[in-house]
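Here are my notes for a colleague who has this model open. Please read them next to the structure and follow along point by point.

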Amino acid sequence: EEPLLLAELKPGRPQQFDWKSSCETWSVAFSPDGSWFAWSQGHCIVKLIPWPLEEQFIPKGFEAKSRSSKNDTKGRGSPKEKTLDCGQIVWALAFSPWSSPPGRKLWARHHPQVPDISCLILATGLNDGQIKIWEVQTGLLLLNLSGHQDVVRDLSFTPSGSLILVSASRDKTLRIWDLNKHGKQIQVLSGHLQWVYCCSISPDCSMLCSAAGEKSVFLWSMRSYTLIRKLEGHQSSVVSCDFSPDSALLVTASYDTNVIMWDPYTGERLRLLHHTQLDPPVEDSDVHISSLRSVCFSPEGLYLATVADDRLLRIWALELKTPIAFAPMTNGLCCTFFPHGGVIATGTRDGHVQFWTAPRVLSSLKHLCRKALRSFLTTYQVLALPIPKKMKEFLTYRTF
């Protein structure tokens, strides 16, 4: 089924329009528990919107579904939408993992006026190289991290809840910050020769992938902060990357119109997904290059979403080489899945955010077992198990 447009958010025109502030939505994010949506709507403004959306944004056909979801939020005291004025163009957004006792101590120590009910925070990467850290429940600015010399293009928290933040910048470096130590910068990762577009931490917190305006992708150790290997296979700049929920797969998207699926442990290329233009094209235009902008895994790890310059959002099933669904969208820049599945959010060059239906699937017992095992076993550990070859191939995603 084609993805259906559930809702669309459009930025209001600011009172004092400044062309330098741009209106492009380079980043959108859901909080890990699914209760908040962060929208970089341009003009230096980030909107923190309680999820699910208010009913004025939802088409009539989806009202019942929206109301049933809303019952879950009533116990949290009906959070209200917040506006964060970052003072600079916002390029990157990242929520911290939900609930972390060390985080509560940090915010309580520096901001006793902040209610000690939640430590959910939002990091924003800015045009001037600054990173601002906000407390989501109150909208208070908690920390300002300085170090980058150019645009902070992407941000990623370790999923473990340790409040370690990784930032990727146009200054060609990645930086590691410890928010439990007053935002101390603990490492600078150098080696890229071009702007760093994207960074992604594996769910098991062992690896960091970084993609710059280069044909190769860097894999780093999150334990020693050293380079593990370079993944080479793309023919043009790699601009987006994401790990599967069990850390067993890595996908990279490039201007060369391809997504490559890798085994991050061995560096082996498992599959290539080529973005061919629909015939006939969606509309008459000169656009004929399917340059990729963004790729992301679904929360259960069975689907991928990609956004390309050919004005299409594509949904891919893990086992198939061609997309299972398309949706027409103009000027797409980023995409992300709702953490509990069923919805994809996309951001565009004109500052809009669109929410689309995504495939809902009941994972097979085989996939659930594979996902559970691969969450703590590397490829090499699986290959060393005394089990049949076909089982090893399945567990290492080599049955495509």
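1. A word on the records before the features: UniProt positions are given in the numbering used here, feature names are shortened, and annotations may be inferred rather than shown by experiment. With that in mind, an unreviewed UniProt entry places "domain: SOCS box" at residues 364-400. Over residues 364-400 the chain is 59% helix and 0% strand, with the end C-alpha atoms 16 Å apart. Helices (H or I, at least four residues) and strands (E, at least two) are DSSP runs, numbered from the N terminus.

2. Please keep in mind that this is a predicted model, in which local features need pLDDT of at least 70 and side-chain atom pairs count only at pLDDT 80 or more, while totals for chains, interfaces and linings use all residues. Residues are numbered from 1 along each chain as its sequence is written, and side-chain values use heavy atoms, with hydrogens and water left out.

3. Now the overall picture. The protein chain holds five helices and 28 strands. Of its 400 residues, 57% are buried, where buried means under 20% relative accessible area, exposed over 50%, and partly exposed in between (1.4 Å probe, protein chains only). The chain exposes about 17400 Å², and carbon and sulfur atoms supply 52% of that area; accessible areas come from the Shrake-Rupley method with a 1.4 Å probe, and for residues only the protein chains shown count as cover. Among contacts (heavy atoms within 4.5 Å) with a separation of 6 or more, 52% are between residues 24 or more positions apart.

4. Residues 122-144 are 65% strand and 0% helix, and their end C-alpha atoms lie 12 Å apart. For residues 145-180 the figures are 50% strand and 0% helix, with 13 Å between the end C-alpha atoms.

5. Next, have a look at an open sheet of four strands, in the order β22-β23-β24-β25 and with antiparallel pairing. Strands β22 (292-297) and β25 (325-328) stand at the edges with a single partner strand each, so one side of each has no neighbour in the sheet. From one strand to the next the twist averages 15 degrees; axes are lines fitted to C-alpha atoms, for helices over the stretch in contact, and angles run from 0 to 180 degrees between N-to-C directions. Two strands pair if DSSP finds at least two bridges between them.

6. Within that sheet, β22 and β23 (residues 303-308) run antiparallel and are joined by five bridges. Serine 294 has valine 307 in β23 as its bridge partner. Which residues form the covered face of β25? They are Ala325 and Ala327, whereas Phe326 and Pro328 form the uncovered face. In a regular strand the side chains alternate between the two faces of the sheet.

7. Five bridges join β16 (residues 216-221) to β17 (residues 227-232) in an antiparallel pair, with tryptophan 220 opposite leucine 227. Five residues lie between the strands, and tyrosine 225 takes a positive phi near 55 degrees in this hairpin.

8. Follow the chain on to histidine 234, in the loop between β17 and β18 (238-243). Is histidine 234 buried or exposed? Its relative accessible area is 4%, so histidine 234 counts as buried. The histidine 234 side chain makes polar contacts with the side chains of threonine 252 (2.7 Å) and aspartate 256 (3.1 Å). A polar contact is a pair of N or O atoms within 3.5 Å; within protein, one must be able to donate a hydrogen and the other to accept it, and residues adjacent in sequence count only if both atoms are side-chain atoms. Leaving aside neighbours within four places in sequence, the residues in contact with histidine 234 include Lys215, Ser254, Asn258 and Ile260.

9. Finally, some backbone details to check. Most residues other than glycine have a negative phi, and most peptide bonds are trans. Cysteine 44, in the loop between β3 (36-42) and β4, has a positive phi near 70 degrees and is buried at 11% relative accessibility. Asparagine 331, in the loop between β25 and β26 (332-337), has a positive phi near 60 degrees and is partly exposed at 37%. Tryptophan 51 and proline 52 are joined by a cis peptide bond, with omega about 5 degrees; proline 52 is found in the loop between β4 (45-50) and α1 (63-70).
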